[in-house]
Amino acid sequence: MTIPAAEVHIDGDLVHRLVRAQHPDLLGPVTPIAGGWDNVVYRLGDDLCVRLPRRRSAVDLLVNEQRWLPVLAEHVEVAMPVPVRVGEPGEGYPWPWTIAPWYEGRPAHHVPPAERAGLAAALADFMTGLHRPAPPDAPHNPYRGVPLTVRDDLVRQHLRAVPRGDELLALWEELVGLPPWQGPALWLHGDPHPGNLLMRGGGLAAVLDFGDLTSGDPATDLAAAWLVFDRHGREVFRSRVDADEATWGRARGWALAVGATLAVNSPDGSGLAAVGWHALDEVLK
């Protein structure tokens with residue numbers, strides 16, 4: 001599967017012109033870094049990066065980050081891409097954009113799962129700090145933080161296309177029947193797979209990409225226990241998070257749901273399909 005086509009042309013010259021026109025004091029060499037489903041990222045000088053939506057549907061997600069990351073950063077100790085400056089439409093580019101810090105490191109999905117255990121304590125502490133009651137105007141995401149039953153039809157569809165689908169379906173039917181979250185809607189990262197975790201020196205350097213930022217059931221984020229880690233890392237992670245048995249079970253269900261989605265739908269060569277297959281293997285252990 002390939003990523004959706006960009007709806008606007010973005011290149012280094014455009015990024016240079018936008019920064020020069022709106023934030024000339026930050027102007028520096030512009031280098032392309034990454035392009036995903038929603039955004040493209042350019043490095044700006046040594047210490048900054050520029051993130052620009054490539055599709056209209058991503059604009060509101062970026063605006064949510066601009067609005068809420070400065071607030072949430074006060075409650076966590078891990079680095080996150082809090083905007084340094086906010087850009088406006090201009091130079092033929094139609095949408096807002098962000099200048100954020102540049103963090104050195106290696107995306108965790110480029111590191112073998114057995115070598116990720118050094119992330120476990122810091123990631124658990126990050127989630128403990130983040131998972132606090134969210135205000136009524138927190139971003140709404142219909143696919144994250146919701147009851148597992150919302151994902152039921154899609155999960156069943158995906159499991160028809162994966163090996164060991166019958167085993168996974170039996171597990172899913174057990175987990176989707178667990179009691180739903182009864183507490184307040186908590187702040188959630190929404191997409192804590194290893195591609196959104198930056199490692200340096202074996203530890204957690206930063207948590208990236210808050211485009212799925214929302215509120216709801218913390219089990220959505222705790223799915224990282226299976227998406228990111230092997231059994232050892234998962235044990236360390238669980239020892240540092242406050243999750244009852246039902247919440248931990250729903251987290252396993254979320255890992256199954258997200259893993260199946262990544263395994264079946266990830267763009268070719270993105271590395272995220274491997275994340276999905278890893279999660280599906282881990283939830284059966």
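Start with Arg-55. Setting aside neighbours within four places in sequence, Arg-55 is in contact with Pro-4, Ala-5, Glu-7, Trp-37, Asp-38 and Trp-95. Contact means heavy atoms within 4.5 Å. A quick word on the source: this is a predicted model, where local features need pLDDT of at least 70 and side-chain atom pairs count only at pLDDT 80 or more, while totals for chains, interfaces and linings use all residues. Residues are numbered from 1 along each chain as its sequence is written, and side-chain values use heavy atoms, with hydrogens and water left out.

Back to Arg-55. You'll find Arg-55 in the loop between β3 (48–53) and α2 (59–72). Helices (H or I, at least four residues) and strands (E, at least two) are DSSP runs, numbered from the N terminus. Is Arg-55 buried or exposed? Arg-55 counts as buried, because its relative accessibility is 16%. The cut-offs: buried is under 20% relative accessible area, exposed is over 50%, and partly exposed lies in between (1.4 Å probe, protein chains only).

What does the side chain of Arg-55 reach? The backbone oxygen of Trp-37, at 2.9 Å. That side chain also makes a polar contact with the side chain of Asp-38, at 2.8 Å. A polar contact is a pair of N or O atoms within 3.5 Å; within protein, one must be able to donate a hydrogen and the other to accept it, and residues adjacent in sequence count only if both atoms are side-chain atoms.

Next, salt bridges. The structure holds 19 of them. Each is a side-chain nitrogen of Lys or Arg within 4 Å of a carboxyl oxygen of Asp or Glu. Take Arg-144 and Asp-191: their side chains meet at 3.4 Å, N to O. This pair links distant parts of the chain, 47 residues apart. Arg-144 is buried, and so is Asp-191.

Now Lys-285. Its side chain meets Glu-282 in a salt bridge at 2.8 Å, N to O. Asp-281 also forms a salt bridge with Lys-285, with the closest N and O atoms 3.5 Å apart. Glu-282 counts as buried, because its relative accessibility is 2%. Lys-285, at 47%, counts as partly exposed. Shared partners join Arg-164, Glu-167, Arg-234, Asp-281, Glu-282 and Lys-285 into one network.

Last, the sheet. Three strands form an open sheet in the order β6-β8-β9, with antiparallel pairing. Two strands pair if DSSP finds at least two bridges between them. The edge strands are β6 (106–107) and β9 (203–207).
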